[in-house]
Amino acid sequence: MVPKRSGSDGDDVVLLAVPASPAYLGVLRTATAGLAARLQFTLDEIEDLRIAVDEACAMLLAVASETPQLGDTVELACRFTVTADALTVETTVPLGSPTERLPGGESFAWQVLSALADEVSASVDGLQASIRLTKRRPK
């Protein structure tokens with residue numbers, strides 16, 4: 001895990017990469033909970049975020065490449081951005097092929113993500129797929 005300051009806005013950015021395997025999703029769930037706790041989210045909000053990150057990662061693992069692009073393992077990368085009032089989590093994996101696609105917005109997985117996070121988006125750029133979640137702290 002590599003925390004760093006990003007830009008003049010003072011947002012904290014934490015980068016975490018794990019092997020693209022369900023065995024490592026617990027690491028990402030734990031990081032999510034720890035960062036959400038820093039923003040003083042309630043226990044229910046923290047659990048919602050943990051579930052949302054788990055679901056987003058499971059969707060990405062289903063389309064992830066099995067062939068490493070660099071190094072010896074395929075990685076699931078996670079970028080956490082902590083602002084004064086929100087936590088944004090962007091997860092990314094290399095795709096198995098250029099024809100791979102994430103489930104559509106009407107799928108059960110997307111319904112779960114939409115219910116648990118304030119903002120949800122996905123993108124496929126070349127041979128990478130990303131899902132971005134944002135949860136805002138209640139005022």
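Student: Which residues does Thr81 touch, not counting residues up to four places away in sequence?

Tutor: This is a predicted model. In it, Thr81 touches Asp11, Asp12, Val13, Ala86, Leu87 and Thr88. Thr81 itself belongs to strand S3, which spans residues 75-82.

Student: Why is Thr81 called buried?

Tutor: The term requires a relative accessible area under 20%. Thr81 has 19%, and therefore counts as buried.

Student: Why is Thr30 called exposed?

Tutor: Exposed means over 50%. The relative accessibility of Thr30 is 53%, so Thr30 is exposed. Thr30 is placed in helix H1, residues 25-38. Its C-alpha atom is separated by 7.7 Å from that of Arg50, which is 20 residues apart from Thr30 along the chain.

Student: How many helices and strands does the protein chain have, and in what pattern do they follow one another?

Tutor: There are three helices and six strands. Along the sequence the pattern is β-β-α-α-β-β-α-β-β. Of the 139 residues in the protein chain, 40% are buried.

Student: What makes H2 roughly antiparallel to H3?

Tutor: The axes of H2 (residues 43-63) and H3 (residues 108-116) cross at roughly 150° and come within 9 Å. Angles over 145 degrees count as roughly antiparallel, so H2 and H3 receive that description. Their crossing is left-handed.

Student: Which residues make the contact of H2 and H3?

Tutor: H2 contributes Asp48, Ile51, Ala52, Glu55, Ala56 and Met59, while H3 contributes Ala109, Trp110, Val112, Leu113 and Leu116. By class, this contact has nine nonpolar, no polar and two charged residues. Asp and Glu count as charged, and H2 supplies Asp48 and Glu55.

Student: At what angle do H1 and H2 pack, and what is the hand of their crossing?

Tutor: H1 and H2 pack at an angle of about 145°, with axes 9 Å apart. H1 passes H2 in a right-handed crossing.

Student: How do the residues of the contact of H1 with H2 divide by class?

Tutor: They divide into ten nonpolar, two polar and three charged. The H1 residues are Leu25, Leu28, Arg29, Thr30, Thr32, Ala33, Ala36 and Ala37. They meet Ile46, Leu49, Arg50, Val53, Asp54, Cys57 and Leu61 of H2.

Student: What is the phi of Gln40, and where does Gln40 lie?

Tutor: Gln40 has a positive phi of about 65° although it is not a glycine. Most residues other than glycine have a negative phi. Gln40 lies in the loop between H1 and H2.

Student: Is Gln40 buried or exposed?

Tutor: The relative accessible area of Gln40 is 63%. Exposed means over 50%, and Gln40 is therefore exposed.

Student: What share of the contacts with a separation of 6 or more joins residues 24 or more positions apart?

Tutor: Such residues account for 61% of those contacts in the protein chain.

Note on methods. Residues are numbered from 1 along each chain as its sequence is written. This is a predicted model: local features need pLDDT of at least 70, side-chain atom pairs count only at pLDDT 80 or more; totals for chains, interfaces and linings use all residues. Side-chain values use heavy atoms; hydrogens and water are left out. Helices (H or I, at least four residues) and strands (E, at least two) are DSSP runs, numbered from the N terminus. Buried means under 20% relative accessible area, exposed over 50%, partly exposed in between (1.4 Å probe, protein chains only). Contact means heavy atoms within 4.5 Å. Axes are lines fitted to C-alpha atoms, for helices over the stretch in contact, and angles run from 0 to 180 degrees between N-to-C directions. Angles under 35 degrees count as roughly parallel, over 145 as roughly antiparallel, 65 to 115 as roughly perpendicular and the rest as oblique. A crossing is left-handed if the near helix is turned anticlockwise from the far one by less than a right angle, and right-handed if clockwise.
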